[in-house]
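This report considers selected residues of one chain and the overall form of another. Please consult the sequence and the structure alongside the text.

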Amino acid sequence: MSTPTIAEANRLFEEGLLDPVELLSEVLHRASLTEAELHAYLTIDHEGARRRAEAAAERLARGERRGPLDGIPIALKDNLCTKGVETTCASQILAGWVPPYDATAVARLQEAGAVLVGKTNLDEFAMGSSTENSAYGPTRNPWDTERVPGGSSGGSAAAVAVGSAVAALGSDTGGSIRQPAALCGVVGFKPTYGLVSRYGLVAFASSLDQIGPITRTVADAGMLFEVIAGHDPLDATSYPGQVPRWDAELDAGVGGVRIGLVRELSGDGIDPEVAEVCRRVLDLLSDQGAQVVEVSLPTVEVALSAYYLVAPAECSANLARFDGIRYGLRVPGDTVSETMGRTRAEGFGPEVTRRILLGTYALSAGYYDAFYLQAQRVRALVVQDFAEAYQKADVLVSPTSPTTAFPLGAKVADPLAMYMSDVCTIPSNLAGHPAISLPVGLDSAGLPIGLQIMAPALGETLLFRVAAEVERVAGFDARPRLAEGMP
Amino acid sequence: MSAFMPIDIDIVHVARLARIDLHPDELESYRAQLGVILEHAAKVQAYDTSGVEPISHPLGFTNAFREDEPAPSLPRDEVLSAAPEARDGYFVAPPTMETE
């Protein structure tokens with residue numbers, strides 16, 4: 001069998017054709033076939049997963065399943081704290097660190113009966129767009145192992161693409177769920193800021209970070225979202241109101257829905273093949289009764305600049321906690337400053353160091369107003385821009401990434417070129433809005449192309465409604481090379 | 001505010017503020033990279049934001065308060081077990097008083 005989706009596994013469980021222990025075996029078998037080439041996982045928790053799968057199988061046998069995630073093998077990006085399971089953020093500075101608590105999103109998955117398979121690779125501290133910044137070596141793209149899987153949640157996206165997890169969690173600060181999902185041909189969803197608690201997500205940029213699902217289908221993303229979302233007193237930025245229903249209008253189609261193609265993200269700087277496939281999907285939606293319009297987000301380009309000030313600034317403050325005193329690596333010195341300086345020099349990789357220095361500079365005396373505050377003003381303009389666009393359209397669409405997966409090493413020496421690959425995804429983070437990427441086709445090299453749908457804050461119901469229709473009309477059913485020929 | 005002012009980075013000072021002990025050749029390489037990135041980032045300075053208030057929370061929320069009620073925290077021994085060095089219920093750190 002091929003690894004089922006969450007929805008398929010539920011059907012098979014209910015029909016008695018599969019149980020959670022068998023499903024876990026299948027998923028681990030796939031990991032054993034692919035990991036040597038793929039390196040999606042940093043840690044596989046064989047023992048914990050087997051224990052949870054057995055408990056889920058017993059609940060299934062007794063007719064006491066806790067819900068649709070009960071018995072489903074799920075992978076977690078390794079910046080989510082897992083009690084008793086090493087959490088490294090793909091950094092040397094946290095090598096061997098075992099958290100004393102679970103992230104809220106992880107705890108909610110456990111309560112729902114999910115089987116946590118292991119921890120997936122990422123760019124160190126989620127800083128990057130290719131998963132090449134991992135201190136433990138890159139993850140490769142399952143469609144072409146000479147290419148990157150995207151990032152920073154590249155391990156989660158690659159694992160879901162080959163079926164070494166049924167679904168996964170990632171985190172998205174500037175596109176880190178959506179861009180790897182696009183490059184690996186799977187679905188990636190970043191919820192409205194605050195809907196999913198950040199408690200236990202090792203912080204990168206607190207005003208931008210959001211946890212979300214990476215799955216094979218839109219419905220699977222919704223099921224995962226439903227379990228992890230909701231107010232959490234342990235995260236002061238957690239949204240206190242009602243979580244929108246993802247499936248309230250799932251089958252309503254797109255008749256009468258105004259879909260805005262973002263002009264600035266559909267021409268210059270976008271690979272023509274990517275742009276063409278996205279336009280074709282819009283034509284199909286138009287055939288289904290959607291009203292396709294062109295909208296403008298004039299701040300798109302300057303948003304990228306603002307992001308690369310705001311995110312490093314917050315990162316430099318958040319990563320100050322890695323000081324060699326309370327946890328993680330310590331490189332001893334004669335004084336506390338020497339200890340901190342040596343520990344951080346040895347513990348952080350080049351991209352994390354670069355961003356800490358950049359953020360420290362942007363927040364330092366004399367530059368705070370010119371860089372940081374000005375970037376936060378631009379951020380306010382991005383929010384205004386979206387508000388105007390949403391006068392003309394109900395949802396916005398663009399490619400998720402300007403290109404399909406690029407070769408390993410292609411952008412390592414040029415940080416700015418790497419940063420540009422986030423141009424389509426960053427605006428939603430700055431505004432705190434929900435956005436989803438789903439695979440809609442392949443380019444001429446056989447690499448997947450992702451379409452991004454964006455909605456206003458708390459617009460998840462409409463977002464999922466449109467995404468479900470895009471999924472249906474695009475009919476994407478290709479499989480990565482690494483998963484071909486598998487039983 | 002002038003647009004695209006030349007970016008002059010005192011990288012030694014910045015690295016000291018960030019508490020990262022870098023070798024001189026590393027410092028120079030980071031200085032050059034930061035220059036390129038900041039030149040791009042400086043586009044925010046050229047952008048007309050007159051009359052715009054900066055925001056720090058995307059949805060415009062401000063402080064979230066909760067009742068100040070005592071609740072259990074993580075067990076001390078579990079937390080200290082992750083420290084590079086701990087003794088008698090404390091973290092152990094090198095001297096903080098420094099003399100030149």
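The backbone oxygen of Ser176(A) lies 2.7 Å from a polar atom of the Ser153(A) side chain. A polar contact denotes a pair of N or O atoms within 3.5 Å; within protein, one must be able to donate a hydrogen and the other to accept it, and residues adjacent in sequence count only if both atoms are side-chain atoms. The model is predicted: local features need pLDDT of at least 70, side-chain atom pairs count only at pLDDT 80 or more, and totals for chains, interfaces and linings use all residues. Residues are numbered from 1 along each chain as its sequence is written, chains are lettered from A and ligands numbered from 1 in the order in which they are written, and side-chain values use heavy atoms, with hydrogens and water left out.

Ser153(A) occupies the loop between strand E3 (115-120) and helix H5 (154-162) of chain A. Helices (H or I, at least four residues) and strands (E, at least two) are DSSP runs, numbered from the N terminus. With a relative accessible area of 0%, Ser153(A) is buried; buried means under 20% relative accessible area, exposed over 50%, and partly exposed in between (1.4 Å probe, protein chains only). Residues up to four places away in sequence set aside, Ser153(A) touches Lys77(A), Asn121(A), Gly170(A), Ser171(A), Ser176(A), Ile177(A), Pro180(A) and Ile214(A), where contact means heavy atoms within 4.5 Å.

Ser152(A) is found in the loop between E3 and H5 as well. The peptide bond from Gly151(A) to Ser152(A) is cis, with omega near 15°.

**Backbone exceptions in chain B**

Most residues other than glycine have a negative phi, and most peptide bonds are trans. In chain B, Arg19(B) has a positive phi near 55° without being a glycine. Arg19(B) sits in the loop between helix H1 (11-17) and helix H2 (24-41) of chain B and is partly exposed, at a relative accessible area of 38%. Asp88(B), which is not a glycine either, has a positive phi of about 50°. Its place is the loop between strand E1 (86-87) and strand E2 (90-91) of chain B, and at 68% relative accessibility Asp88(B) counts as exposed.

**Thr82(A) and its polar partners**

Thr82(A) belongs to the loop between strand E2 (73-77) and helix H4 (104-111) of chain A. It is buried, with a relative accessible area of 5%. Beyond its neighbours within four places in sequence, Thr82(A) is in contact with Leu76(A), Thr87(A), Pro99(A), Tyr101(A), Asp102(A), Val106(A) and Lys119(A). Two of these residues also make side-chain polar contacts with Thr82(A), as tabulated below.

| Side chain | Partner side chain | Polar contact distance |
|---|---|---|
| Thr82(A) | Thr87(A) | 3.2 Å |
| Thr82(A) | Lys119(A) | 2.8 Å |

The C-alpha atoms of Thr82(A) and Asp251(A), 169 residues apart along the chain, are separated by 36 Å.

**Two further buried positions of chain A**

Thr425(A) lies in the loop between helix H13 (415-420) and helix H14 (426-431) of chain A, and its relative accessible area of 0% marks it as buried. Neighbours within four places in sequence aside, Thr425(A) is in contact with Gly174(A), Gly175(A), Arg178(A), Thr400(A) and Gln452(A).

Ala375(A) is part of helix H12 (residues 368-392) of chain A and is buried, with a relative accessible area of 0%. Apart from neighbours within four places in sequence, its contacts are Ala306(A), Leu309(A), Val310(A) and, in chain B, Val44(B). The C-alpha atoms of Ala375(A) and Ala362(A), 13 residues apart along the chain, are 10.0 Å from each other.

**Overall form of chain B**

Chain B contains four helices and two strands, in the order α-α-α-α-β-β from the N terminus. Its radius of gyration is 22 Å, well over the 13 Å that the globule rule gives for 100 residues, so chain B is more spread out than a compact globule; the radius is taken over C-alpha atoms, and the rule is 2.2 Å times the number of residues to the power 0.38. Along the principal axes, the C-alpha atoms fill a box of roughly 55 × 45 × 25 Å. Of the 100 residues of chain B, 26% count as buried.
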